[in-house]
Protein chains: 2
Amino acid sequence: MSETANGFEEQQQRALPAARAGGAAVVDKAADFANYFCTYAYLYHQKEMLSDRVRMDAYYTAIFENKHHFEGKTVLDVGTGSGILAIWCAQAGARKVYAVEATKMSEHARQLVIGNGVSHIVDVIEGSMEDVMLPEKVDVIISEWMGYFLLRESMFDSVICARDRFLKPTGIMYPSHARMWLAPIRSGQGEQKLLDYENAMADWNNFIEDTNDFYGVDMSVLTQPYSGEQKKYYLQTSLWNNLHPHQLIGTPFIVKEMDCLTATLDEIAIVHANFTASITIEQGRFSGFAGWFDVHFRGSPSSPASHEVELTTAPSIDNSTHWGQQVFLLHPPMRVMREDVLEGTFAMTRSKENHRLMDVQFVYKSKLSSGETTDPVTKYFCIE
Amino acid sequence: MSETANGFEEQQQRALPAARAGGAAVVDKAADFANYFCTYAYLYHQKEMLSDRVRMDAYYTAIFENKHHFEGKTVLDVGTGSGILAIWCAQAGARKVYAVEATKMSEHARQLVIGNGVSHIVDVIEGSMEDVMLPEKVDVIISEWMGYFLLRESMFDSVICARDRFLKPTGIMYPSHARMWLAPIRSGQGEQKLLDYENAMADWNNFIEDTNDFYGVDMSVLTQPYSGEQKKYYLQTSLWNNLHPHQLIGTPFIVKEMDCLTATLDEIAIVHANFTASITIEQGRFSGFAGWFDVHFRGSPSSPASHEVELTTAPSIDNSTHWGQQVFLLHPPMRVMREDVLEGTFAMTRSKENHRLMDVQFVYKSKLSSGETTDPVTKYFCIE
C-alpha cells in the first residue's frame with residue numbers, strides 16, 4: 001500500500017481527517033492533536049499568521065491604543081502560539097501575562113519571551129486551556145481564536161472555557177465581539193469544479209471497464225459511493241478564496257453576532273439564520289455565497305475601548321487576510337438581475353466526524369424582479 | 001488562527017503528522033487512525049492503488065498461476081481495502097477467505113464481494129488485525145502491505161501478527177519474500193531544494209526585520225529552530241520520485257532481505273547494513289541515493305510456487321509503480337568517476353513521533369579511483 005500515493009496528496013489534503021475514524025462525539029485528545037494541534041507546532045505556520053499584516057495591525061493597535069486595559073493588569077492569552085500577543089501585552093504594561101499553548105510551540109514562545117526581556121511578566125504554560133490551572137483570575141483575556149468563516153476549528157470553545165474559569169466579573173475580552181457575514185457572489189470556479197467532477201467520473205468509468213476486462217472484477221457497485229465521494233470533494237466542499245470586491249453581486253448579510261463576554265457553547269455549536277439579499281448588479285450570474293467574518297475590540301461596557309479596532313476578513317483589494325473567504329459554489333449558477341431578492345435560511349453545525357470542521361446548509365429561493373418566485377433550493381457543504 | 005492557511009498546505013502535506021503530539025512509543029489508536037488509516041477509507045485512494053498495473057498484475061498472476069495454493073484452501077487477507085485480493089482468492093478456488101479491514105472501506109469491500117458473487121466464500125471483517133478473531137487457522141495469508149521503500153507505514157507488523165496468530169504451520173505467505181534496494185543516483189532536484197531552503201531563510205530574515213520594525217518584537221531567537229524546521233523539510237526529507245533508469249550511476253545494493261514466513265518485529269524495527277557501490281558511469285555527479293523494494297511470490301519450502309512472480313518498484317521506463325522510489329538527496333553533490341567506490345552504512349529506524357514513518361542515516365566515504373579516500377560523511381533523513 002502507500003497512503004500518500006503521488007497524486008493522492010492533493011485530494012487527501014482537503015479530505016476530512018479521520019473522517020471515518022468512527023465519529024468524535026467524544027473528542028479523543030490524541031486524535032485531536034493529530035488532526036489539529038500538530039499544525040500549530042510548526043514555526044512555518046506561525047510565520048504565516050505573523051505575516052498577516054491586517055491581523056497583526058488589528059491586535060497591535062487594539063493593545064497599544066488601549067493601554068489602560070493592560071497597565072498593571074493580569075492577562076490570559078489563550079493559544080499563544082509564538083507568544084507575540086502575550087509579549088505585546090507585557091510591553092503595554094501588563095503586570096502578569098499567562099500565555100497558554102497546547103503544543104510544543106510553547107518552548108519557542110518561552111524563548112521569544114526571554115529574548116524580548118519580558119520573562120518576568122509572561123508565564124508560558126504548556127497545556128490545553130481546559131486543563132491548566134492559574135494562580136489568579138485575570139482582568140483581560142486575549143486570544144486569536146478565529147478560524148475560516150470564524151468558527152472553523154471550534155477554538156472559541158477554549159476561550160469560553162478560559163473566560164468562565166478565569167476572567168474577573170469586570171474582565172474584558174480581546175476581541176470583544178464577532179460577526180459572520182455572507183453575500184451572493186459571481187465566480188468562474190464553479191464550471192471548472194463541475195468539469196473536474198465529471199472528468200473524475202469519466203475516469204472512474206474507464207477504471208471500471210479496465211478492472212473488469214483485465215482482472216475479472218466488477219467494480220460497478222462502487223460507482224455510487226465513488227460519485228458521492230467525488231461530489232463531496234469537488235462540489236460540496238467550500239473553497240478558500242481571496243475574492244475581489246467586484247465579485248460581490250448582492251447585499252452582504254449577517255448570520256451570526258457574538259458578544260465574546262456572554263457567548264455560550266450552545267450558541268456557537270449551531271448557527272441558524274434567515275437571510276434576505278438583494279442583487280445589486282445590473283444583471284449577471286449568481287455563482288454562490290461567500291462567507292467571512294469580522295471581530296471588534298471595544299473593551300467592555302464598564303471599561304470601553306478608548307480606540308475601537310475592527311479586524312475584517314471581507315473581500316478587499318489592499319487588505320486581504322490569510323483567512324480569505326469561504327466560497328460555497330452552487331451548481332448550476334443562476335442568471336440574476338438587479339432587484340432580484342434571494343431569501344432563505346443558513347445553518348451551520350459541527351461535523352459529526354470532527355468537531356473542528358463544519359457542515360453547512362443553504363435553503364433559498366429567489367424572488368425575481370419580474371414578480372415570480374423560484375422553487376426553493378437546498379444545498380449542503382462542508383468546511384474542511 | 002487558521003490551521004490550513006492557504007500556502008501552508010503544501011508544507012503541511014509533508015509535515016510529520018502529530019510530530020509534536022508528544023511521542024507515540026505507545027501507539028494511540030485514535031491518533032493512528034487520524035494519521036494513517038483514515039486515508040484508506042477513501043475510494044479515491046483505493047482506485048489509485050487498483051490502477052497500478054504493475055502491482056495488480058503481480059498479485060493477479062501470483063494467484064491465478066498458482067491456483068494449487070488456493071483451491072479448497074482457507075485464506076486470510078490482511079488489510080483487504082476494496083477487497084480485490086480476497087475476491088481473486090475466491091475466484092481461484094479458495095474454500096473460505098477472511099478479509100480483514102480496519103477502516104469503513106470494509107463496507108465497500110462487502111458490497112464488492114456481493115456484487116461479484118463470492119459472498120458465500122469471502123467474509124469481510126471490520127477491525128484491526130491485532131483485535132479480530134477468526135474461527136480457524138488459514139493455509140494462506142495474502143496482503144499488500146508494502147509502503148514507500150517497503151517498510152514505511154509499518155504495516156508488516158500486522159502481517160506478522162496475523163501470521164503468528166492464524167497461519168497453519170504448513171501455511172504460505174503471499175508475498176513470501178521482500179528486499180530493500182539502494183543505489184547511487186544523479187538528479188537535478190538537489191540544487192532546487194537547496195535554493196528553496198535558502199529562499200525560505202532569506203524570507204525569514206526579512207520577516208524578522210519587519211516584525212522588529214513594525215511590531216517591536218525581536219524574533220531572531222527563533223532563527224535557529226526555524227532553520228532546522230526548514231532544513232528538515234527541504235533537505236532532510238526523502239522525496240517521492242519516478243526515476244529514469246539512466247539516473248542510476250552505480251551498482252544497486254540490497255540493505256534488507258526478508259522471508260515473510262519467519263521475519264520478526266525486531267528484524268524490521270531496525271534495518272542496518274554495510275554497503276559498497278561502484279560508480280558505473282564514465283564521470284558525473286553523485287546527487288544522492290534512491291531506495292526501492294521488490295517482493296516475490298515463491299510459495300513456501302513445503303509448497304513452492306509453480307509460477308514464481310516478482311513485483312519490483314525499481315526505476316523503470318515502462319513499469320513504474322505508484323510507490324516510485326524514495327530519493328535521499330545529498331548536499332552538496334559530489335563529482336564521481338567510473339570505479340570510484342562508495343562505502344558505508346545505512347540505518348533505518350522508526351520515527352519516535354510516529355511509528356509508521358522512518359528515520360534514515362547514511363554514513364559513507366568514497367574510495368576514489370585515484371587511490372585516495374574522502375572523509376566519511378553522515379546524513380540524516382526522514383521518510384514522511
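In what order do the four strands of the open sheet in chain B lie? In this predicted model, the order is E9-E13-E14-E15 (chain B), and the pairing is antiparallel. Strand E9 (271–278) and strand E15 (377–383) of chain B form the edges, each pairing on one side only. From one strand to the next, the twist averages 20 degrees. Eight bridges join E9(B) to strand E13 (residues 341–350) of chain B in the antiparallel sense. Within this pairing, Thr276(B) is placed opposite Glu343(B) of E13(B).

Chain A is assigned two domains, domain 1 spanning 28–174 and domain 2 spanning 176–383. A distance of 29 Å separates the C-alpha centres of domain 1 of chain A and domain 2 of chain A. To the contact, domain 1 of chain A contributes 38 residues and domain 2 of chain A contributes 49 residues. About 3,500 Å² is buried between domain 1 of chain A and domain 2 of chain A, with 68% of it on carbon and sulfur atoms. On the side of domain 1 of chain A, the most area is lost to domain 2 of chain A by Tyr148(A), Phe149(A) and Leu151(A), which together account for 22% of what that side buries.

Polar interactions also cross this interface. Between domain 1 of chain A and domain 2 of chain A, 16 residue pairs are in polar contact (both at pLDDT 80 or more), and two salt bridges are found across the interface. A salt bridge links Arg356(A) and Asp32(A), with the closest N and O atoms 2.7 Å apart. Helix H2 (29–35), helix H4 (53–64), helix H7 (156–166) and strand E5 (167–174) of chain A each give two or more residues to the side of domain 1 of chain A that touches domain 2 of chain A.

Notes. Residues are numbered from 1 along each chain as its sequence is written. Chains are lettered from A and ligands numbered from 1 in the order in which they are written. This is a predicted model: local features need pLDDT of at least 70, side-chain atom pairs count only at pLDDT 80 or more; totals for chains, interfaces and linings use all residues. Side-chain values use heavy atoms; hydrogens and water are left out. Two strands pair if DSSP finds at least two bridges between them. Axes are lines fitted to C-alpha atoms, for helices over the stretch in contact, and angles run from 0 to 180 degrees between N-to-C directions. Domain bounds come from an automatic or database domain assignment. Contact means heavy atoms within 4.5 Å. Buried area is the accessible area (1.4 Å probe) that two parts lose on being put together, summed over both. A salt bridge is a side-chain nitrogen of Lys or Arg within 4 Å of a carboxyl oxygen of Asp or Glu. A polar contact is a pair of N or O atoms within 3.5 Å; within protein, one must be able to donate a hydrogen and the other to accept it, and residues adjacent in sequence count only if both atoms are side-chain atoms.
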